[in-house]
Amino acid sequence: MGAVGVQSSRMIGRDEELRVLGTVVERGGVAVVLGEPGIGKSRLATAAADHAVALGMRVLRGRAEASTPLRALSEALLSLGRNSGLPSGADLLPYHRALARFAPEWRDSGVAGGDEPLPVVAEGLLRLLGAIGRDTGCVLLLEDLHDADEDTVAVLDYLADNLPGRVAVLVTARSGQSPVLELVRGTGRVAVVRPARLDRSQVRDLVAARLGEAPAATVDLVFRASEGVPFIAEELLRPGATGTEVPDAVVHSVAARVRRLGCELAELLTLAAVFGRRFPLPVLRIAGGLGPQDLVRLLRPAVARQLVAPDDLAADLYSFRQALTAPALLRLAGAGERAVLARRAAEALETWQPGMPGPWCAVAADLRLAAGEPEAARRLFVDAGRRALVDGDATGAVRLLRRAQDLATDCCEPIAVLAPLLAALAEAGEVEQALAVAASIDDLGLDDRGRVVLHTTLALVAVRARLWSLGNREVETARALLGPDAAPELTARIDLITANLTGAGEPALRALAEAARSTLPVVACEALELLGTLARHRDLAESDAHFRRMAELAHQHRLPAMRLRSRARSGFNDALRSGDDTRLGQACARAFETGAVLEGHLLQADLVLTTVLRGEFVRATELADRGLAATTRLGLRGAAKGVVVAKAVMFAHLGQRPAMDRAVRSLEGGAAPLVRAVCETFCALAEEDRPRAMGALDLAVGAGAGHPAHHLATWPHGLRALLAVLDGRTDRIEHPEAAASGWAWHRQFLLLAEAVLAGRSGRRAEAAAAMAEHGTVAAPFALARRLGLRLVAEAALADGWGDPATWLREAEEYFHVTRLTAVAGACRSMLRGAGWTASHRRRGRGDVPDRLRVLGITARENEVLRLLAERLGNTEIARRLYISPRTAEKHVASLLAKTGELDRRSLHRFAIDHVSGLAG
C-alpha cells in the first residue's frame with residue numbers, strides 16, 4: 001500500500017477509496033469505480049495501478065468504445081503482446097483459438113478465431129491472466145466501461161466468479177445507465193467504489209495544496225464554480241485561470257462528450273445552454289419543432305452520459321449536471337450563433353408562456369439581451385422588476401430595474417423605469433438613494449404627468465419610510481401639477497397619501513372607492529391597511545375585518561407583498577389583543593427573508609415595542625440595538641425613529657430618566673410630544689410621583705388626538721381611567737372605547753378600576769372576580785401587571801377588600817429585582833404600615849434566585865451576571881459595582897466555572913436567559 005499511501009497525500013478526500021482499491025490489488029478480485037464525469041475515477045484507478053507496479057505486478061490497460069465489441073479487453077491484451085509477448089504453456093494451448101481475436105501472434109500462426117462461444121473466450125482470458133500473474137501478480141485495468149458492449153460485461157461477469165488469487169480487475173464507469181452495473185448487483189463478488197464530490201473543507205485543502213495557501217475568496221469561487229467536482233476544481237486552479245471563464249480543458253471535455261451524441265442533439269443542448277443551468281423542455285420542443293416523445297427520446301443519450309438530468313423542482317425542467325456545462329457549450333458556439341439561438345429560445349418561450357408569468361419574464365429579458373435586442377430586454381426587465389416588487393422581493397426588483405435603467409436610452413420614457421425603481425429602492429431599505437432622485441426630477445425633461453407620477457411615488461416612499469414632512473411636500477407638489485383630467489389611479493393614490501399623512505379616514509375611503517371602480521388592487525389594499533390601522537384604536541374587531549379584506553384582495557390578485565403586510569398588521573392586532581407577538585415576529589422574519597428590508601425593519605420596531613410592554617427588557621435591548629444599527633446604516637430614518645421610541649418607552653418603564661430624556665430629545669417634530677408624554681407617565685410612576693404621572697397622561701391624551709394612527713395614541717387611556725378612579729376623581733370608568741377596542745393593555749388597567757370601584761362599594765365578590773380576570777389578561781405584561789398590583793393594593797388596604805399583602809409582596813419582589821427602588825420601597829412601606837412583614841433587602845444570598853443559588857453563585861456574582869446580560873465589559877462592570885477590573889475579571893472566571901459555560905459569549909447567553917426569566 002506504499003504507493004497508494006503516497007498518492008493519497010495528493011488526492012484530497014479519497015483515502016477510503018484508495019484503501020479499498022489497494023486491498024483489491026494486493027489480494028485479488030474485482031473493483032468497480034463508479035461516478036459522474038470529472039469525479040476522479042481515472043485518477044483513482046491510475047493510483048491503484050501505480051501501486052501495483054510498485055509491488056512488481058504486471059498491469060494491462062484498455063478503454064471501452066461502444067462501436068467496437070470487446071474493445072477494452074483487446075486493447076489491454078494487445079499491449080501485453082506488444083510489450084512483453086504472450087505467455088506460453090500447455091494449459092493455454094486449448095484456448096489459443098478463443099483468444100486469437102485478442103492475440104495477433106496466434107492468429108498469424110494459423111489459428112483461426114472469432115467463432116468460439118463466449119464462455120470459452122472468458123475461460124481462455126481467465127487462464128491467460130492467471131499465467132501472467134502467476135509469479136508477480138497481474139492487474140487488468142479497464143476504463144470507461146459505460147461504453148462497453150454486452151460481450152465485455154459478460155466476460156467480466158465470468159471473471160468475477162472465477163478469478164484466481166494475485167489477479168485483480170479494476171473497472172471505471174460512469175454511474176447511471178451503464179451495462180457494467182450488472183456486475184455490482186451481486187453481493188460479495190465486486191468491491192464498489194463511489195467517489196463523492198468534495199465538500200467545502202476538502203476544496204479548501206485542495207486549494208492549499210495547489211497554491212500553498214487557501215484564501216477564503218478563492219475557496220468560495222472554486223467551490224461554487226466546481227461544485228466539488230475535482231477535475232473542474234483542478235482546472236480552475238491551473239496557472240493563468242481567471243476563475244471567471246470556463247477553463248479550456250473543461251470546454252474540450254464537454255465538447256468531446258457532446259460530439260459523441262450527434263449533431264442534432266448537440267445543437268439542442270447548445271440551445272438549452274442559453275437558459276443557463278436549468279432549461280424548460282417545452283421551449284426546446286417548440287424551438288426544435290419536436291413532439292414530446294421525440295424530445296425525450298432525443299435527450300435520452302445525454303441523460304445516460306450524465307450531461308443532463310430531470311430537474312427535481314419541476315416536471316417541465318431539466319438541468320445540466322454540472323454548473324460549467326452550459327457556459328462551456330456557449331463557448332463552443334460563435335457570437336452570431338449564440339444570438340440566433342437566444343432569439344429562437346425567446347420566441348419559443350413567449351409561445352409557451354404568453355404573458356411571461358412568474359420568473360419567466362426575467363428569463364425572457366436575458367434572452368432578448370443575448371439576442372442583441374436591448375429595447376425589448378429593457379421592457380421585459382421593467383415588467384419583471386414590477387412583478388418582483390408586487391411579490392415582495394424588493395431586493396430582486398431593484399436588481400432587475402437597475403438592469404432596465406442601464407439599458408435605457410434618451411428615447412426611452414424615464415418614468416417607466418424610475419417610478420417602480422423608487423418604490424423598490426425604498427422597500428429594499430435604500431431610502432436615501434430613492435430620495436436622491438427628488439433633487440433631479442426637474443432635470444429629467446418630464447411632462448407634467450410624468451412629474452406627477454414621480455412626485456406621487458416619492459410621497460409614497462416618504463410615507464412608507466415615516467418621513468412625514470417630506471411626504472407633505474411631495475404630495476403638495478403633485479397636487480399642484482395635477483390637471484382636471486388626471487388618471488383615477490393618480491387621484492386615488494394622492495387621496496391615500498393624504499390619509500396617511502393626516503390620519504383621516506375620509507380620503508382613505510375615497511381612495512378605496514376609486515380603487516374598486518378602476519380595479520386598482522394595490523391601492524385598495526393600501527387603503528384597507530390604513531383603515532384597519534385607524535380602526536385599531538376604536539375596535540379591534542373592525543380593524544381585523546379591514547385586514548381580512550386586505551388579505552382576501554391580495555390573495556385574489558396575487559399580491560404576496562400585500563398579503564405579508566396584512567398578516568403583519570393582523571399579527572400586531574394579536575399582540576394588542578392578548579400580548580402574544582408570535583405572529584408579528586413571524587411576519588418580521590418573513591419580510592427579511594423575501595427581501596422586503598424596509599417592511600422588515602418597520603416590523604422589527606413594532607416588535608421592540610411589544611417586547612418592552614411584555615417586560616422582556618433584555619430581549620428588547622438586543623432587538624433594539626441590532627435594529628438601530630442596521631436602520632442607521634441604511635438611512636431608514638423612519639424605522640430608526642420607531643426603534644428609538646420603543647427604547648424611550650423601555651427607559652421610562654425602568655425609571656431611567658436620563659436615558660429616557662436623551663432618547664426623547666433625539667426625536668424631532670411629529671409625534672415627539674406624544675412620545676414624551678407617554679414616557680413621562682411611566683417614568684413618574686416608577687418614581688412614585690402619581691400627580692406628575694396624571695398630568696403627563698392628560699398631555700398624552702391631547703397629543704394623541706393629533707396623531708390618531710400612531711401606536712402610542714391610545715396607550716394612556718386604560719391607565720388614565722385607573723388613576724382617575726384611584727384618586728377619587730370619578731366613580732365610573734372613563735373612556736369606554738378603550739374597553740371596546742379589546743386591547744389587553746387597556747383591559748388590564750380597566751379591570752383594576754372595576755375592582756377598585758366594586759371594593760369601594762362593598763361588592764367584594766365582584767372585586768375578586770375582576771382581580772382574577774386581571775391576573776389572566778395582564779399575565780403577558782410583566783412590569784405593568786406588578787405596577788397595577790402595587791396601585792390597587794393601596795385602595796384595597798383602605799377599603800378592606802382583596803389580598804393586598806400577597807399583591808404587595810409579589811410587586812416588591814419584582815421591583816427589587818428590576819431595581820425600581822422607589823416602587824419597591826413603597827410596597828415595603830405599605831406592608832409594614834399594615835402590620836405585615838416585609839423584606840429588609842440586605843445584600844446577601846437571599847438576593848440570589850434559587851436556580852442560581854444551587855450552582856453556588858454568590859450575591860456579588862449574581863450582580864455581575866446581571867451586568868453581563870447588558871453586554872458590559874469588565875471595566876464597565878467594575879465601574880458600576882465600585883470594584884477593580886481585576887476583581888470583575890475574577891468574578892467572571894468564577895461564573896464560567898460554576899455555570900459550566902465555555903466562554904464569555906456563552907456566559908452572556910446564559911445571563912440573558914436567566915435575567916430575562918427573572919424579569920418575566
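# Briefing on buried residues, cores and helix packing

Apart from neighbours within four places in sequence, Leu-181 is in contact with Leu-34 and Gly-176. The structure is a predicted model.

**Leu-181**

- Leu-181 belongs to helix H9, which spans residues 181-184.
- Because buried means under 20% relative accessible area, Leu-181 counts as buried at 14% relative accessibility.
- Leu-145 is 36 residues away from Leu-181 along the chain, and the C-alpha atoms of the two are separated by 9.6 Å.

**Helices H14 and H15**

- Helix H15 covers residues 281-288, and within it Leu-281, Pro-282, Val-283 and Leu-284 are buried.
- The elements covering the buried residues of H15 include helices H14 (263-273), H16 (292-304) and H18 (335-352), together with strands S6 (278-280) and S8 (317-320).
- After H15 comes Gly-289, which has a positive phi, near 65°.
- H14, one of the elements that cover the buried residues of H15, is itself mostly covered, with 8 of its 11 residues buried.
- The buried residues of H14 include the leucines Leu-265, Leu-268, Leu-269 and Leu-271.
- Ala-266, Thr-270, Ala-272 and Ala-273 of H14 are also buried.

**Nonpolar cores**

- In soluble globular proteins, nonpolar side chains tend to be buried together.
- The largest nonpolar core contains 101 residues, and Leu-712, Trp-801 and Phe-815 have the most contacts inside it.
- H36 supplies the largest share of this core, 11 residues.
- A second, separate core has 94 residues, among them Val-258, Ala-419, Ala-428 and Ile-441.
- Leaving aside neighbours within four places in sequence, Trp-801 is in contact with residues including Ala-755, Val-756, Gly-759, Met-771, Val-792 and Trp-807.

**Packing of H35 and H36**

- Helix H35 (residues 657-665) packs with helix H36 (residues 672-686) at an angle of about 175°, and their axes are 11 Å apart.
- Angles over 145 degrees count as roughly antiparallel, and H35 and H36 are therefore roughly antiparallel to each other.
- On the H35 side, the contact is made by Arg-657, Met-660, Asp-661, Val-664 and Arg-665.
- On the H36 side, Arg-676, Cys-679, Glu-680, Cys-683 and Ala-684 take part.
- By class, this contact of H35 with H36 comprises 5 nonpolar and 5 charged residues, and no polar ones.

Key:
Residues are numbered from 1 along each chain as its sequence is written. This is a predicted model: local features need pLDDT of at least 70, side-chain atom pairs count only at pLDDT 80 or more; totals for chains, interfaces and linings use all residues. Side-chain values use heavy atoms; hydrogens and water are left out. Axes are lines fitted to C-alpha atoms, for helices over the stretch in contact, and angles run from 0 to 180 degrees between N-to-C directions. Helices (H or I, at least four residues) and strands (E, at least two) are DSSP runs, numbered from the N terminus. Angles under 35 degrees count as roughly parallel, over 145 as roughly antiparallel, 65 to 115 as roughly perpendicular and the rest as oblique. Contact means heavy atoms within 4.5 Å. Ala, Val, Leu, Ile, Met, Phe, Trp, Tyr, Cys and Pro count as nonpolar, Asp, Glu, Lys and Arg as charged, and the others, Gly among them, as polar. Buried means under 20% relative accessible area, exposed over 50%, partly exposed in between (1.4 Å probe, protein chains only). A nonpolar core is a set of buried Ala, Val, Leu, Ile, Met, Phe, Trp, Tyr and Cys residues joined through side-chain atoms within 4.5 Å.
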